[in-house]
Amino acid sequence: MIPAKFDYVRANSVEQAIQLLQESDGEGKLIAGGHSLLPLMKFRLTEPGTLIDISRISKLKGVRKAEDRIVVGAMTTHREAATNLIIKEYIPVLAEAARQVGDIQIRNRGTVGGNIAHADPAADLPAAAIVLDAQLTIQGEDGEETMDLDSFIIGPLITMMPENGIVTNVTFAIPPSHTKSTYLKYFHPASGYPVVGVAVVAGTDNDKKIDYIKIGITGAGDIVFRAETVEQALMGQIPSEAVIDSAAGLAAENADMGSDLFASEEYREQLCKIYTARALKSILL
Ligand SMILES: Cc1cc2nc3c(=O)[nH]c(=O)nc-3n(C[C@H](O)[C@H](O)[C@H](O)COP(=O)(O)OP(=O)(O)OC[C@H]3O[C@@H](n4cnc5c(N)ncnc54)[C@H](O)[C@@H]3O)c2cc1C
């Protein structure tokens, strides 16, 4: 439980962080809240030569509305995301997911940028992020680029992060005003991570037919995914217990289920169906 030796340096700007990454020659790693990186270092699953602390960079902080999107600085903590008034008003599903991350110490230190950049298959925020069409703003050696969440996370702990890049913010699309949203999570009893977590944004038109629906599922597979088969089955339908139960039965169809000592593939499949149905009913019935 003791990490290998490392150097520590604090970056005061995004440019300096990139320069420090370049100088470290592949041996450096950014540290934000440290709540995912340090456990990996203690298990010696990663042994960075230098930790580059980005927690004091002011450009990485703050939440603002920019036309039809909400811009959340990468260093925004889970606690801030759970309580920020702009997030609660326009993209409440992110606040709801952030509120359920770990415990209060984790939420006080862990960050939105770190949670998404780390690409843990059981992280909470990617489920909310995927239903809000999240995009990452990444500053790198060659300037700034924008990447969709589903192009960015490509496997468990694997992303398309460019070498020596830094996520400066994550932007989220504001869903149509007639929609409602929720995030429901089956907590792992030991770690508090989601065994399965389901985020839903959905709404109905004047004829009470579903005209907007996005469902994101985390924890179940290798990677966060949209339950598109359920979305397609429900689009244009008038929601009822029976209609939702039938569609939610397809919730595990868009990913291969994971399996571990706590939950088998079959168990995760059931959780996907049950939590998708519960989440949909809570906002549509
Ligand atoms: C006991 C415990 C329980 C937890 N429970 C949960 C839970 O229930 N749900 C959940 O989702 N998470 C949980 N976590 C993880 C927690 O939310 C982490 O804080 C979060 O996943 C990572 O954010 P961080 O700021 O701590 O990142 P760090 O640990 O600092 O970094 C993680 C990785 O992301 C990279 N990184 C960080 N910021 C950036 C950036 N701006 N640009 C590029 N790369 C970056 C780092 O280099 C590193 O590789 C738990 C952690 C612990 C220790």
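**Close-up views of a predicted model**

View 1. Leucine 45 is found in the loop between α2, residues 37–42, and β3, in a model that is predicted rather than determined by experiment. With a relative accessible area of 64%, leucine 45 is exposed, because the cut-off for that class is a value over 50%. Together with Met1 and Phe43, Leu45 forms a nonpolar patch on the surface, and the accessible area of these residues together comes to about 410 Å².

**View 2. A patch of positive charge that includes arginine 56.** The loop that runs between β3 (50–53) and β4 (63–66) holds arginine 56. This arginine 56 has a relative accessibility of 52% and therefore counts as exposed. On the surface, Arg56 gathers with Arg10, Lys61 and Arg109 in a patch of positive charge.

**View 3. Helix α5 and its buried residues.** Helix α5, which spans residues 92–99, is mostly covered, since six of its eight residues are buried.

**View 4. The domains of the chain.** According to the domain assignment, the chain is divided into domain 1 (7–53), domain 2 (58–173) and domain 3 (180–284). Between the C-alpha centres of domain 1 and domain 3 there is a distance of 36 Å.

Key
Residues numbered from 1 in each chain as written. Predicted model: local features only at pLDDT ≥ 70, side-chain atom pairs only at ≥ 80, totals over all residues. Heavy atoms only, no water. Patch = residues over 30% accessible without salt bridge, like charges linked within 9 Å, V, L, I, M, F, W, Y side chains within 5 Å. Areas by Shrake-Rupley, 256 points an atom, 1.4 Å probe, with all protein chains shown as cover. Salt bridge = Lys/Arg side-chain N within 4 Å of Asp/Glu carboxyl O. Lys, Arg positive; Asp, Glu negative; His and termini not counted. Charge placed at Lys NZ, Arg CZ, Asp CG, Glu CD. Helix = DSSP H or I, 4+ residues; strand = E, 2+ residues; numbered from the N terminus. Buried < 20%, exposed > 50% of the residue type's maximum accessible area, 1.4 Å probe, protein only. Domains from an automatic or database assignment.
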